[in-house]
Amino acid sequence: MTEGIYTLANDVVYDQLVALLNSIEANAGKEIPVCVIPYDSRLDKVRAEVAARKNVTLFDDTASIAYWEDFATQAWKAHARAQNVWQERGLPKVYRLEMHRKLCCFDGPFEKFIYFDADTLLMGSLDSVYKKLYDFEWVANDFQYKSDIKYIFDRPQDQILQVFAPEKLKYHIFCAGWFASKKGVLNNHKLANLLDKLRAGEADVMALWGPDQSLFNYMVLRSDISYYNFAYHGIDQATGSHWSSQFETIDNVLYDRGRRLTYLHYMSVPSGKFTRLCAGEDVDIPYRDVFLHYRYLKSPEERPQLKRPSWFVRLQRSVSRFIKQKVANIQHRWRKLTNRLT
């Protein structure tokens, strides 16, 4: 059975992608295949990087991309509240539709796969994850289930409990930036059934501002596929994965209370920070030296000497942020007025 890794990327996250690919080679082996799903058409740097690596391919099934974007669009069009709020804010009909392209994992070349967001670094072996996929259809490894459920489902609890069994809500919640599953788990019959339920009113429970994560959690909970979370079922041996935690660094690998991490996730750290860091700017990023180690693992001579930006550059950025916020506020008020008049 073919095992592999998927990620989602474009040139905007190029530096993070390179770091991820290098961390996979360093900590899982050079032979493990990786498939990059295109976030959009900005792929010049990504294509060049893929071409330079024997174990990496670019997902080019345009029919699959179109299929899953259509599925996500249908799912979110059933969410009237989301449609109203996104329209009021001048956003597309499906906010961050491209993030839903990670659903292409179910059409790709790997029978068993692990998905990594591009803003992650692999720290340890994946053998135990692939092994779990013999017994379970979906595997997670994070503590999202301990966070406020409003980031996944943001309706009153009684409404949420009309959709999901309470025992599942205790541990079936996961971060959609890292998960493992198998090809064909979400078949056409299950997908049609999910869309019927969403259109019947269940879409309203999904949170608006992490749409791919909300939809993924809904799909897994509502389809009754078998589920395992290392950070819940094996909590005594589990480690953290979020950058905000305090980890020990040994030889560019992170440890949590003496246990080696499986991966580090830079969730919510803007990609622009990594771009500026790799351009030589002294940017404060957690575990910065670890990131730079993997980013320049194959080209250490290119690792930049970091410098603090000049006062003029800092002033320019502050002014630019101020102007953008003012313009956004004016546009928001104008859209609200227009919506009321129409």
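Helix α9, at residues 211–222, is mostly covered in this predicted model: 11 of its 12 residues are buried. The buried set consists of P211, D212, Q213, S214, L215, F216, N217, Y218, M219, V220 and L221.

How far does α9 reach from its first C-alpha to its last? The span is 16 Å, close to the 16 Å expected for 12 residues at 1.5 Å a residue. After the helix comes D224, and the phi of D224 is positive, near 60°.

I turn now to the other end of the chain. Strand β1, covering residues 3–9, is also mostly covered, with six of its seven residues buried.

Which strands pair with β1? One partner is β4, residues 112–117, which runs parallel to β1 and is joined to β1 by six bridges. Within that pairing, E3 has K112 of β4 as its bridge partner. Another partner is β2, residues 34–38; here too the pairing is parallel, and five bridges connect the strands. In this second pairing, A9 stands opposite P38 of β2.

To summarise, β1 pairs in parallel with β4 and with β2, and β1 is mostly covered. Helix α9 is likewise mostly covered, and its span is close to the expected value. Thank you.

Note on methods. Residues are numbered from 1 along each chain as its sequence is written. This is a predicted model: local features need pLDDT of at least 70, side-chain atom pairs count only at pLDDT 80 or more; totals for chains, interfaces and linings use all residues. Side-chain values use heavy atoms; hydrogens and water are left out. Buried means under 20% relative accessible area, exposed over 50%, partly exposed in between (1.4 Å probe, protein chains only). Helices (H or I, at least four residues) and strands (E, at least two) are DSSP runs, numbered from the N terminus. Two strands pair if DSSP finds at least two bridges between them. The expected span of a helix is 1.5 Å times one less than its number of residues.
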